[in-house]
Amino acid sequence: MKAHLTYFDGRGLGESIRLILYAVGIEFEETYLQDAAHVKRLRQAGDLLFMQVPMLEIDGMKLVQTNAIIRYIARKYDMYGKTLEQKTRIDVLYDGARDFIMKFLNIGWNKSMEEDSKDVKENAVPRYLPVLEKELCGTSSGYLVGDDLSMADLAVLESLLYCDDYFPAVLEDYPKLKEFKDRLSSLPRIRAFLNGPQRKRKLTEEDILHGKKVLAWLYQ
Amino acid sequence: MKAHLTYFDGRGSGESIRLILATVGIEFEETYLQDAAHVNRLRQAGDLLFMQVPMLEIDGMKLVQTNAIIRYIARKYDMYGKTLEQKTRIDVLYDGARDFIIKFLYTGWNKGMEEDSKSVKENAVPRYLPVFEKELYCSSSDYFVGDDLSMADLAVLESLLYCDEYFPDVLEDYPKLREFKDRLSSLPRIKAFLNGPQRKGKNTEEYIMHCRKVWGWI
């Protein structure tokens with residue numbers, strides 16, 4: 001069963017969807033937003049409920065809203081815990097990790113790559129990493145909630161991969177998180193994604209300049 | 001069973017939690033962030049997982065993350081649909097409505113009340129209201145998903161109450177949404193909340209300044 005992701009040719013919010021699709025073994029094709037005319041055609045076709053991307057065609061639906069898409073996949077593939085308590089804990093950690101990921105997604109878009117990175121390192125990293133390290137210390141399964149990989153693990157993993165990308169030595173101070181990142185990155189499907197052709201690369205300044213133009217199309 | 005909400009003495013993300021607590025009939029007390037010293041005490045007590053508010057003490061837990069809190073209550077009180085399809089539709093509409101609400105929450109925080117309001121009216125209102133009008137039109141019940149009140153209905157309601165406040169005539173163009181807002185606002189528990197002492201007021205410049213000061217220490 002194939003899925004189809006419509007998004008930019010870049011990480012952003014789409015990358016979180018790509019990661020979970022690989023993690024559960026759903027193959028997918030991609031359509032990248034090309035230009036203003038393309039966005040207009042999508043809009044007129046009525047495919048983008050709130051005129052935004054990502055949009056994932058899956059199981060006969062055209063889903064929008066990143067977190068709703070991820071929750072759908074997580075529910076279908078048992079990655080959302082079993083009990084009310086587990087689901088709640090997953091939501092708390094997933095939402096927190098999403099906030100952390102968003103800080104990385106904004107690097108280069110506010111002031112500059114350098115200033116935004118510095119801000120994330122000084123403010124976001126100390127807010128999230130100690131908490132996540134402690135949460136992992138509190139579990140015996142190797143996963144953040146329950147005994148199996150959940151959507152919370154994937155969101156935290158994604159944030160740790162960003163940490164690695166932007167601040168190479170920072171995980172040295174967080175041994176459990178470092179081990180967690182290495183271990184999950186080695187799981188066969190996740191490794192195939194991270195080393196494969198659908199993994200998008202870190203943004204450059206040129207990407208951001210182009211991205212600002214593309215975003216303007218979406219908001220016209 | 002009482003709950004306890006720690007937040008600012010204002011709407012923000014806390015108001016969405018107050019609304020669902022009232023809707024399902026959970027009484028709650030509130031602690032408002034006073035100043036930097038207060039925030040430091042909360043931090044040191046370890047009660048705020050990501051050093052942020054809202055935080056809701058409920059059923060022996062100290063929950064953070066607005067949407068996680070709301071999902072917990074919704075699951076417990078059957079406001080999250082029954083089937084996978086319903087839960088998914090609720091998530092899509094809830095998350096969309098939250099994006100819309102957040103535009104109102106930030107009014108006054110960016111360029112000033114007037115400019116921010118204008119931007120919401122010109123950009124956010126046309127993005128969300130036609131979609132919600134159509135979704136409601138296509139629904140076979142009086143609610144957005146399934147046959148019962150869900151967390152999606154409450155999030156859309158909250159956004160419509162903001163619309164009413166900031167742009168009094170705008171719902172005239174959306175008859176189904178207008179009826180929906182009036183009908184849900186009249187449900188006994190929701191009406192009691194909207195008319196009651198725990199309902200907070202619209203953003204003022206003083207409130208925003210107070211938050212910024214306290215925020216500086218979070």
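Residues are numbered from 1 along each chain as its sequence is written, chains are lettered from A and ligands numbered from 1 in the order in which they are written, and side-chain values use heavy atoms, with hydrogens and water left out. Because the model is predicted, local features need pLDDT of at least 70 and side-chain atom pairs count only at pLDDT 80 or more, whereas totals for chains, interfaces and linings use all residues.

Helices are DSSP runs of H or I with at least four residues, numbered from the N terminus. In chain B, helix α3 (residues 66–76) is largely enclosed by the rest of the structure, because 9 of its 11 residues are buried (under 20% relative accessible area with a 1.4 Å probe, protein chains only; exposed is over 50%, and partly exposed lies in between). The buried residues are T66(B), A68(B), I69(B), I70(B), R71(B), Y72(B), I73(B), A74(B) and R75(B). Just after α3(B), D78(B) takes a positive phi of about 55°.

S16(B) belongs to helix α1 (residues 14–24) of chain B and is buried, with a relative accessible area of 6%. With residues up to four places away in sequence not counted, S16(B) touches I70(B), R98(B) and E158(B) (contact being heavy atoms within 4.5 Å). The side chain of S16(B) forms a polar contact of 2.6 Å with that of R98(B) and another of 2.8 Å with the side chain of E158(B). A polar contact is a pair of N or O atoms within 3.5 Å; within protein, one must be able to donate a hydrogen and the other to accept it, and residues adjacent in sequence count only if both atoms are side-chain atoms.

A search of the whole structure finds 0 disulfides over all chains, a disulfide being a pair of cysteine sulfur atoms within 2.5 Å. The sulfur of C163(B) is 20 Å from the closest cysteine sulfur, that of C138(B), which is too far for a bond. C163(B) is buried, at 0% relative accessible area, and C211(B) is buried at 2%.

In chain A, the axes of helix α6 (residues 151–166) and helix α7 (residues 175–185) come within 10 Å and cross at roughly 105°. The helix α6(A) is therefore roughly perpendicular to α7(A).

Terms used: Helix = DSSP H or I, 4+ residues; strand = E, 2+ residues; numbered from the N terminus. Axes fitted to C-alpha atoms, helices over the stretch in contact; angles between N-to-C directions. Parallel < 35°, antiparallel > 145°, perpendicular 65-115°, else oblique.
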